Amino acid sequence: MPRLSRSPFLVCLLVSLVGLLPLSGAAASVAVESDEEEREAALADGLHAALVRLAGLDSDAVRGLADELLEAADEEGLPAALERQRAREDGGYRLEFDRESLRRSLRDGAVPVLVGSRPSLLVWAVEESAGRRDLLGTAGEDTGVLAGLEALAGERDIPLLFPLGDLEDRREARVSDIVGRVTEPLFEAARRYGPDGLILLHLRSAGGETRARSLLVHRDREYRAEATAEDAPDAARRATADALDRMGAQLARVPDEPDWVTVGFTGVSGFDDFRALRAELGAMEAIERVQLDTLSGAALTLRVLTGLDAEGLGDVLADAGYAEDERAEEGEDLPEAALWLDMR
């Protein structure tokens, strides 16, 4: 193992090792809520919701797996992954499932999941009613549309960002561009929020119902969806969920049995960098566990338990913004690792 320097970062890091090793990839359980009043219906609803959260999308494969796990339940009708099921005082149930058990089920069932960092998407939403078009934002009054989308983001573990809708947004993000799906100026207007992509949502009320049109743009791909419902929040949720599932189907992969891969990172300039790295890796469904391997100056190596090979993991980390470090190929004295990435 390389000799460690005595930089303030390393001293701080070494002092903190007891609390950092091993680093779990995610919480041990998945907690979901169901509004179903009947216990059996709540169990089916909750199991499906937990699988959707881990997969990052809803699909025929996810729904089929949920049915299989329910069919394989014990004599009391409880699937093996269920840890707790508790009735809520306000009706419905809170359910907790073992994360690792559901992960194995997804992997064994060859169900595609979002294995890398889930993209952050800024929602430009326009609500049209009685001839008036309003840009929705967190700084103004919300008719329930943004709150419903925020709940959807939590259910998918996909970060949806919502603009302030302040004077700057209204000056830079033209309502006509959102309705007309003119994306280039809207990406410029979104720079203050730093998203990975955009969702353009147009809600139009007429005849006692609301029609929602959504356009999701990510990595130069477009995913379109429409939905009609009695109210704007429901229509917005349905159209956005459909667009997210279309994107998810494009990005999802089927991971293999997990194995350890050693990954090196250079440009680690301080403890905050290390903490950010740990948090980002831990949020990826492809990564089940992270262990600190070596420390050497501003470089470190991590042992990562993942269902991806080194090449696949490298692709996922590249998508997350980590560039390949060419110094490892140029013979620089660095610890052995399957791939080296630069945090800067």
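The legends below describe close-up views of a predicted model.

**View 1. The largest pocket and its lining.** The largest pocket of the predicted model holds about 610 Å³ of space. Its lining is made up of 22 residues. Those lying nearest the centre of the pocket are Asp45, Ala49, Leu152, Glu155 and Arg237. Four secondary-structure elements, β2 (29-34), α3 (39-55), α6 (145-156) and α10 (232-251), each contribute at least two residues to this lining. By residue class, the lining of the largest pocket comprises 14 charged, 6 nonpolar and 2 polar residues.

**View 2. The second largest pocket and its lining.** About 420 Å³ of space lies in the second largest pocket. Of the 19 residues that line this pocket, Gly116, Ser117, Arg219, Leu251 and Asp319 are nearest its centre. Helices α10 and α12 (310-319) each supply at least two lining residues. The largest share of the lining, 3 residues, is provided by α12. The lining of the second largest pocket divides into 7 nonpolar, 7 charged and 5 polar residues.

**View 3. The largest cavity.** The structure contains 1 cavity of 30 Å³ or more. The volume of the largest cavity is about 150 Å³. It is lined by 13 residues, and those closest to its centre are Arg103, Arg107, Val113, Pro255 and Glu285. Helices α3 and α5 each supply at least two residues of this lining, and α5 gives the most, with 3 residues. In the lining of the largest cavity, 7 residues are nonpolar, 5 are charged and 1 is polar.

View 4. Helix α4 covers residues 60-71. At 1.5 Å a residue, its 12 residues should span 16 Å; the end C-alpha atoms are 17 Å apart, which agrees with this expectation. Val62, Leu65, Ala66 and Leu69 are the buried residues of α4. They lie on the same side of the helix because they cover an arc of only 105° around the axis. In general, residues three or four places apart in an α-helix point the same way, because the helix has 3.6 residues a turn. The exposed residues Asp60, Glu68 and Glu71 are carried on the face of α4 turned away from its buried side. Among the elements that cover the buried residues of α4 are α3 and α5 (99-108).

**View 5. Helix α11 and its buried residues.** Helix α11 is formed by residues 271-282. Its 12 residues should span 16 Å at 1.5 Å a residue, and the end C-alpha atoms are 16 Å apart, so the two values agree. The residues Phe274, Leu277, Leu281 and Gly282 of α11 are buried. Their arc around the axis is only 120°, which means that they are on the same side of α11.

**View 6. Alanine 110, a loop residue with positive phi.** Alanine 110 is located in the loop between α5 and β5 (121-129). The phi of alanine 110 is near 55°, a positive value in a residue other than glycine. Its relative accessibility is 45%, so alanine 110 counts as partly exposed, a class that lies between the limits of 20% and 50%.

**View 7. Aspartate 157, a loop residue with positive phi.** Aspartate 157 occupies the loop between α6 and β7 (160-161). Although aspartate 157 is not a glycine, its phi is positive, at about 55°. With a relative accessible area of 38%, aspartate 157 is partly exposed.

**View 8. Isoleucine 287 in strand β12.** Isoleucine 287 belongs to strand β12, which comprises residues 287-296. Its relative accessibility is 0%, and isoleucine 287 therefore counts as buried, the limit for this class being under 20%. Valine 263 lies 24 residues from isoleucine 287 along the chain. The C-alpha atoms of isoleucine 287 and valine 263 are separated by 12 Å.

Technical notes: Residues are numbered from 1 along each chain as its sequence is written. This is a predicted model: local features need pLDDT of at least 70, side-chain atom pairs count only at pLDDT 80 or more; totals for chains, interfaces and linings use all residues. Side-chain values use heavy atoms; hydrogens and water are left out. On a 1 Å grid over the protein atoms alone, a cavity is a set of points where a 1.4 Å probe fits but cannot get out, and a pocket is an open set with protein on both sides within 12 Å along at least five of seven lines; lining residues have an atom within 4 Å of a point. Grid points are joined across faces, edges and corners, and a volume is the space filled by probe spheres set on the points. Ala, Val, Leu, Ile, Met, Phe, Trp, Tyr, Cys and Pro count as nonpolar, Asp, Glu, Lys and Arg as charged, and the others, Gly among them, as polar. The expected span of a helix is 1.5 Å times one less than its number of residues. Buried means under 20% relative accessible area, exposed over 50%, partly exposed in between (1.4 Å probe, protein chains only). The arc is that of the directions from the helix axis to the C-beta atoms. Contact means heavy atoms within 4.5 Å.
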